Amino acid sequence: MEAGIVGLPNVGKSTLFNALTASKAAQSANYPFCTIEPNEGIVSVPDGRLDRISKYFNPQKIIPAALKLVDIAGIVKGASEGEGLGNKFLSHIREVDAILQVVRCFEDPDVTHVAGGVNPLSDMEVIETELMLADMQSIENSRNKAERAARAGDKEAKERLAVMEKCTASLDQLIPLRKLKWEDSEQKILASFGLMTAKPVLYIANVDENDLGGNGPLVQKVKEFATANGAGVVPVCAKLESEIAELDEGDRLEMLQSVGLEEPALAYLARAAYQTLGLQSYFTAGPKEVRAWTIPIGATGPQAAGVIHSDFERGFIRAEVYTLQDLETYKTEAAIRQAGKLRVEGKAYVMKDGDICHFLFNV
Ligand code: GDP
């Protein structure tokens, strides 16, 4: 699962991205299985439940869930007409599962605004329009092929074409695809198109150092726009976050206290992105490590096991599952088992957020 960071030039994308990747909490060494490209960063998703579980295991390591973020530079007004929206950009953005759009809400006479003044509403409209135009183009590019196949009697092509037509009708009225209602069958086809305005979006309001809570009039505008579009908003001061991310733990806490924050805004951002992506966590716990794993809401036991290793999914036999509440009541796994609270779940089990699991599998 990955999210792509977009935004107009000079809104603070690079600053934010650097903060995310410099963050000492997000040690990519913990995630040796993923390749990290230069424009990608791993951000950990802080979760208080990890510490609560760890109290009973004293693990050598605590590993939070992580998200991959991709810095997608390149949107400007007119981008979809070829002024900067190259193929590379398009292929990057097609692959991401959600879009995080940075919107400039800070005033700074030293930092030029591409449109001449700070106006978050117009920035959001520019980006949304460019994404819609790019989606229209993508559909146009594959429409002929689908039409030919549909005429030749290909049933799947007919279904694809119907979804394309629904997309075009919506985009013609400047309605982003994420606002439409889609049947499950349509949703699958839509996802295969990789269209940008079909992806969930989260707005990151890059606020002034003196408006960390995001209560200023510019952020209010972002909030109104986002609410009308069913999206969330996280206020972040990219400049401050990049300074915080460079500090050691002790200094970081001091700095946070001095500006009145409980934790870095990047922590809120990571959790909000996680929600936007429709993700949840389950845990594995033992003396070696206590670890959060990321799964989509609705994932089954075998799918959850597959996140650890694909062999676990293939060879899944059953899962032994308990809750944090059980752990806090009975203190040890043995006591949970004795009390008859250790659930044994089979292949059809739909995982719940916060399950603590052992998987039994054949290799
Ligand atoms: P990008 O083009 O969107 O990647 O923008 P950059 O991250 O390069 O930022 C553009 C300029 O704005 C840089 O000079 C940053 O130092 C400055 N900047 C970024 N975030 C903030 C912020 O939160 N407050 C202020 N005052 N300046 C910022």
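The largest nonpolar core in this predicted model has 75 residues, and those with the most contacts inside it are L16, I53 and Y203. Helix α10, residues 265-276, gives the largest share of this core, namely seven residues. Both domain 1, which runs over 2-276, and domain 2, over 298-361, contribute residues, so the core lies between them.

Let me stay with L16 for a moment: once its neighbours within four places in sequence are left aside, L16 is in contact with I5, V102, I204, V236, A238, L266 and L269. There is also a second, separate core, of 16 residues, which includes A146, L161, V163 and I189.

Now to helix α7, residues 217-228, whose 12 residues reach 17 Å from the first C-alpha to the last, close to the 16 Å expected at 1.5 Å a residue. Which residues of α7 are buried? They are L218, V219, V222, F225 and A226, and because they cover an arc of only 120° around the axis, they sit on the same side of α7. On the other side of the helix, P217, E224, T227 and A228 are exposed. The cover over the buried residues of α7 includes strand β5 (98-105), helix α4 (120-151), and strands β6 (201-207) and β7 (232-236). After α7 comes G230, which has a positive phi, near 65°.

Finally, a word on annotation: UniProt, in an unreviewed entry, places the feature "domain: TGS" at residues 278-361. Over that stretch, the chain in the model is 31% helix and 37% strand, with the end C-alpha atoms 27 Å apart.

Terms used. Residues numbered from 1 in each chain as written. Predicted model: local features only at pLDDT ≥ 70, side-chain atom pairs only at ≥ 80, totals over all residues. Heavy atoms only, no water. Helix = DSSP H or I, 4+ residues; strand = E, 2+ residues; numbered from the N terminus. Expected span 1.5 Å × (residues − 1). Buried < 20%, exposed > 50% of the residue type's maximum accessible area, 1.4 Å probe, protein only. Arc of directions from axis to C-beta. Contact = heavy atoms within 4.5 Å. UniProt positions renumbered as here; feature names shortened; annotations may be inferred. Core = buried A, V, L, I, M, F, W, Y, C linked by side-chain atoms within 4.5 Å. Domains from an automatic or database assignment.
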